[in-house]
Every structure is written in structure tokens, then in C-alpha cells.
Amino acid sequence: MEQEVVQFCKSYLVVNKEAFRDSRLEVIINDAGAELEGRKECYDVIIGDLADPIEGGPCYKLYTKSFYELTIKPRLKKGGIFVTQAGPAGIFSHTEVFSCIYNTLRQVFKYVLPYSAHIPSYADIWGWVMASDSPLDVSAEELDTRMRQRITGENRYLDGKTFSSASTLSKAVRTS
């Protein structure tokens, strides 16, 4: 992430302002691949919020099977989760990158869970994929309990039922 983008978010995106004050968050401004390859620590969660893997683009190599196997997976603690944005996930747009990212992660991790939500500013359904070698199936009630234990205040969007709904993809997307 560029420092200017982070500073803009801290200053103007009121709804996300508190997230930057959370002591568990470490914002790193650097090449994602180089940063992970140069570290020895293992993490509970690794979040990939990268540009789409357009061939020849700056992030293309960060969506490959070898990157997931050799860089991401070794940096996860036992039970750790990797989640990445996976591009458009609508009926007509999911084949651009979403299905490819999902299928690549399925080759590397034992458990892979795709999910999506409508993003009005993108005028489409947007997708993410969560992956782990530990089961990802948590009931809506259990997710609500875990969120209450870890989050101060009200989460206005996400709860267990919303996530359960988000991880139920249309047949066209699910089967591609």
C-alpha cells in the first residue's frame, strides 16, 4: 500500500478510522512478496488485498500456486488463515480472475472458502477467498460469539448470518 493511501484512509474514512488504532494491526508499506519472503515470523492471518492478477501486471506473481505454496503457507501458524480479494465474482464476471484464484488456492490448501458481496462502487459482486489447512466451517452462532469476544462496539455489516449468506455463491460461480 502506498503511504498516501493509508494516510488518506486514516484522515477521511471515518468508519475505518479505529481499525488503524488496533494494536494487533501492522501496516507495512513494501512489496508484499519481498516482505513475506524476508520474514521468519508466522501469522494467524495473512490478508492479500492486491491488484488483480493481470498478466504482466505488478501483482501477477502473488497469485500463483508457487507463491501460495512457498511463501504464504510457510508463514501461517498452525490453524492460520490466508484471505485474498479475488476480483469480480458476478454471474458474467467471475471468470475474469475469481474462479482462477479460487481453483489455484484449492491446489495448495486443504480448506478453501469463497465468498462475495455486492460493492456498489464497483457495480458488481466482488469476491474473496479464504484458505487454510484447518477447517473453516463455523456456524453463524459461533461466528457471532467470536466476534463479540474480539470486537469492541457494533459491527454494522457483518454477522454470522451475513457471512453464511456471502459464502453461498450462485450455481454458475460455484461450478466454474
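Predicted model: local features only at pLDDT ≥ 70, side-chain atom pairs only at ≥ 80, totals over all residues.
Four strands make up an open sheet of mixed pairing, ordered 1-2-4-3. The edge positions belong to strand 1 (43-48) and strand 3 (111-119); each has a single partner strand, so one side of each lacks a neighbour in the sheet. From one strand to the next, the twist averages 15°.

Strand 2 (residues 76-88) pairs with strand 4 (residues 124-132) in the antiparallel sense, and five bridges link the two. Opposite P88 stands W126 of strand 4.

## Helix 4 across the sheet

Helix 4, comprising residues 98-106, lies across strand 2, strand 3 and strand 4. Relative to strand 2, helix 4 runs at about 160°.

A nonpolar patch on the surface consists of F8, Y12 and L13, which together have about 330 Å² of accessible area. F8 belongs to helix 1 (residues 3-12). Its relative accessibility is 45%, so F8 counts as partly exposed.

V14 is located in the loop between helix 1 and helix 2 (32-37). With a relative accessible area of 66%, V14 is exposed, because the cut-off for that class is over 50%. Although V14 and N155 are 141 residues apart along the chain, their C-alpha atoms are separated by 14 Å.

## Salt bridges

The model contains seven salt bridges. One of them joins the side chains of D22 and R24, with an N to O distance of 2.6 Å. Within this pair, D22 is partly exposed at a relative accessible area of 28%, whereas R24 is exposed at 60%.

In helix 5 (residues 140-150), R146 and E142 are four residues apart, which means that about one helical turn separates them. These two residues form a salt bridge whose closest N and O atoms are 2.9 Å apart. Both partners count as partly exposed: R146 has 35% relative accessibility, and E142 has 32%.

## A salt-bridge network

Among the contributing pairs, E41 and R39 have their closest N and O atoms 3.5 Å apart. E41 is partly exposed, with a relative accessible area of 40%. R39, by contrast, has a relative accessible area of 15% and is buried, because that class covers values under 20%.

Key. Residues numbered from 1 in each chain as written. Heavy atoms only, no water. Pairing = 2+ DSSP bridges. Axes fitted to C-alpha atoms, helices over the stretch in contact; angles between N-to-C directions. Contact = heavy atoms within 4.5 Å. Patch = residues over 30% accessible without salt bridge, like charges linked within 9 Å, V, L, I, M, F, W, Y side chains within 5 Å. Areas by Shrake-Rupley, 256 points an atom, 1.4 Å probe, with all protein chains shown as cover. Salt bridge = Lys/Arg side-chain N within 4 Å of Asp/Glu carboxyl O. Buried < 20%, exposed > 50% of the residue type's maximum accessible area, 1.4 Å probe, protein only.
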